[in-house]
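Take a look at the model below.

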Amino acid sequence: MTGFYTRWAMMVGGLLILGMMTFQQYQHDLSTTSLATLIKSTSTSEPVRIQGMVKSGTLAGETKQGQATFELVDGPTTLAVVYAGPPLENIRELKTMVFIGQLDADTKTFKAKDTALINNFGFVTAAYLLTVLSMCWALFAMSQRVMVLFKEIKDEKLYEPEIEPLAK
Amino acid sequence: MLNRFIRYIQRYKGWFGGAAAICIFLGLYTGLLASPPDYYQGELVRIMYVHVPLAHTSTLAYSVLFFGSIWYLWKRDPLVDNMCQAAAGICALFTALALVTGSIWAKPTWGAWWTWDPRLVSFSVLLLILGGYLMLRKLVDDRESGGRYAAILAIVGGIDLPIIKFSVEWWRTLHQPMSFSTRGVSISDDMVIPLTLMSIGAWLLFAYMVMVRTQILYLTDLLQAKKGRLFSQTHFSQTSP
Amino acid sequence: MPNKNRKVAIAVSLLLVAGSLGYLALGNFGENIVYFVTPSEVKAFTSETYTKKVRVGGMVVEGSLKTQPEPVGLTFELTDGAATIPVSFQGIPPDLFKEGQGAVVEGQWNDGHTFRSTMIMAKHSEDYMPMELKRAGVELPKKDFMKTLAP
């Protein structure tokens, strides 16, 4: 009985630690600043990650060579971006993307040095949580049912402990 | 008084459960933290590490049900019948989760939660077949005939398995084809590691869950028999088939 | 549960299985229902079938994608290697939609010149690799997802 709860406590603890580690890594590495906050901010020395949709009809330049200019839309805010960096394999108008770089406060343009993929955390989290939680629920319910059944059968005086359980 | 196999299960199931837990923990760690995002899908590729193992474990589970049903019709061992029923229930859980995670993956990548793709349709049919199977088991009072009908139903439903497997090869489909095939592996090594770990973990988890569920069904029957509600000669005898 | 209800329920569960298997057998075995048609088949449509709602699958032709800001939408060409059709769409396509990749569009070939699509679905290949490998120009052994787009 105690073994049962120890095992479950270990499992839940392990899952919680894993979840917290994941959350921290993503929060640290992959969180993005919204365009509205970026434009208002005064400090421009730190590189930031911004996310937005490439506005239709604004993409120009040699994307395969890693040179491009375009406008990024995030809600009501629009920001001009000058990109110079690794080849832009995946860029397309009307696509939501993440860019890493700094804001030039004088010209109000964003100097992007690299690109990243949009982080659909919601979907990933939903898939993992759903699977892990339903599996845990099923396992917990089943293990408990087995314990209850063994106890009931013992009470019915039907279960006779074997002297040599595995002897033929 | 307990059946020999039930005692074996009680003794050895912990190894399967423990191994499954280790594999899945390592798989979750590599899948969520240690593996890189995909060049095109980004972080969404991580959904693959739960979706793919769930999906092919559910076809494995149905194979267990299929061959178990043949075995039951041949030998009429009630314990095999319990095992079939257990496999069907667990298979339904895996299938439902595979469908839901697939849907969650499809929305941001394809752009739709659901589409009438041959792979999706044939896989959903598996869930319908299992639903019918479990309903039949619940509704037929007589154990012997109920088990027989259910076994026949499971065997007939088995034609869905090759359809699922080859639906992405036979017909035009939106679903991506198999990444592991005779033509080679089209997943980079960093991503094969979590996928393999989670797959092995899912198989072991399935084995463990079937063992526990078989125990539940057997013990329930045993309790019923003790209370005089079920009469079966072979079920609780010491001799194994 | 009364005996009669029980029998009805058993019949329902059997019908469920028989019906779903029958759907598979009729829908997929005989090629009555095809998940999508190819651009070549669309070109063969006559004026009677223009208004039929169909799904068309193919590759998005490189360099054919044009977007418009107001109202938001795009036009591109879809090919199966043999024939190419122009497609128009209003709205924002899924993020994985890209030139040179597969796509399945839903809509009508209503005027016989342009395919008016109401939904775009992006097909992606079974290749998975990290960004560093992609930028290093690594090609994985298999690159033939056109196979499932061609009949």
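In helix 3 of chain A, Phe123(A), Ala126(A), Ala127(A), Leu130(A), Thr131(A), Ser134(A) and Ala138(A) meet a partner set in helix 3 of chain B: Leu93(B), Leu97(B), Val100(B), Thr101(B), Ile104(B), Trp105(B), Lys107(B) and Pro108(B). Contact here means C-beta atoms, placed from the backbone, within 7 Å. Eleven of the residues in this contact are nonpolar, three polar and one charged. Asp, Glu, Lys and Arg count as charged; Ala, Val, Leu, Ile, Met, Phe, Trp, Tyr, Cys and Pro as nonpolar; the others, Gly among them, as polar.

This is a predicted model: local features need pLDDT of at least 70, side-chain atom pairs count only at pLDDT 80 or more, and totals for chains, interfaces and linings use all residues. Residues are numbered from 1 along each chain as its sequence is written, while chains are lettered from A and ligands numbered from 1 in the order in which they are written.

Back to the two helices. Their axes come within 9 Å and cross at roughly 170 degrees. The helices are therefore roughly antiparallel, the word for angles over 145 degrees.

Now take chain B. It has seven helices and two strands. Along the sequence they run α-α-α-α-α-α-β-β-α. Of its 241 residues, 55% are buried, with 20 or more other C-beta atoms within 10 Å of their own.

Chain B also touches chain C. Chain B gives 46 residues to that contact and chain C gives 40. On the chain B side, helix 4 supplies the largest share, ten residues. That side has 26 nonpolar, 14 polar and six charged residues.

Definitions and conventions:
Axes are lines fitted to C-alpha atoms, for helices over the stretch in contact, and angles run from 0 to 180 degrees between N-to-C directions. Helices (H or I, at least four residues) and strands (E, at least two) are DSSP runs, numbered from the N terminus. Angles under 35 degrees count as roughly parallel, over 145 as roughly antiparallel, 65 to 115 as roughly perpendicular and the rest as oblique. Two residues are in contact if their C-beta atoms, placed from the backbone, lie within 7 Å. A residue is buried if 20 or more other C-beta atoms lie within 10 Å of its own, exposed if 12 or fewer, and partly exposed in between; C-beta atoms are placed from the backbone.
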